[in-house]
Amino acid sequence: MLIWGLGLSLAAIVLLRIALRRARRDALFSSAFWQTFPEFARYRLKRLWPAPLGLVGVILLIWGLVLLFQWLLGYYAARLGHPVG
C-alpha cells in the first residue's frame with residue numbers, strides 16, 4: 001500500500017505540474033481569456049485541455065494520500081499493538 005500511495009502521489013504531482021504549466025502558458029488563469037471566451041469559443045475550447053488533466057491529477061493525489069494515510073495508520077497500529085478494525 002505504501003508503494004501504491006507513493007506512486008499515485010508522485011504521478012499526481014507530475015500531472016498537476018504539467019497541467020498548471022500549460023494552463024499558465026495558455027492564460028487560463030487570466031480574466032482576458034474568460035471575458036473573450038464567447039467571441040473565440042472554438043479557439044478557446046482547444047486550449048482547455050489542461051483542466052481535465054489537472055482534475056485527474058487532483059483525484060490521483062487524493063487517492064494516493066488516502067492510501068498513504070491508511071498505511072501509516074496500519075503501521076502505527078501494528079507497532080503499538082492496536083489492531084485497526
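This is a predicted model: local features need pLDDT of at least 70, side-chain atom pairs count only at pLDDT 80 or more; totals for chains, interfaces and linings use all residues.
1. Residues are numbered from 1 along each chain as its sequence is written, and side-chain values use heavy atoms, with hydrogens and water left out.

2. Helix 1 covers residues 2-25 and spans 35 Å from first C-alpha to last, close to the 34 Å expected (1.5 Å times one less than its number of residues). Helices here are DSSP runs of H or I with at least four residues, numbered from the N terminus. Just after helix 1, Ala27 has a positive phi of about 65 degrees.

3. The buried residues of helix 1 include Gly5, Leu8, Ala12 and Leu15 (buried is under 20% relative accessible area, exposed over 50%, partly exposed in between; 1.4 Å probe, protein chains only). Helix 4 (50-80) is part of their cover.

4. Leu8, Ala12, Leu15, Leu60 and Leu67 make up the largest nonpolar core (buried Ala, Val, Leu, Ile, Met, Phe, Trp, Tyr and Cys joined through side-chain atoms within 4.5 Å). Helix 1 gives the most, three residues.

5. There are five aromatic pairs (ring centres within 6.5 Å, using the six-membered ring of Trp; planes under 30 degrees apart are stacked, over 60 edge-to-face, the rest tilted). Trp34 and Phe37 sit 5.7 Å apart by ring centres with planes at 25 degrees, so they count as stacked. Tyr75 and Tyr76 are edge-to-face, at 5.1 Å and 80 degrees.

Key. Helices (H or I, at least four residues) and strands (E, at least two) are DSSP runs, numbered from the N terminus. Contact means heavy atoms within 4.5 Å.
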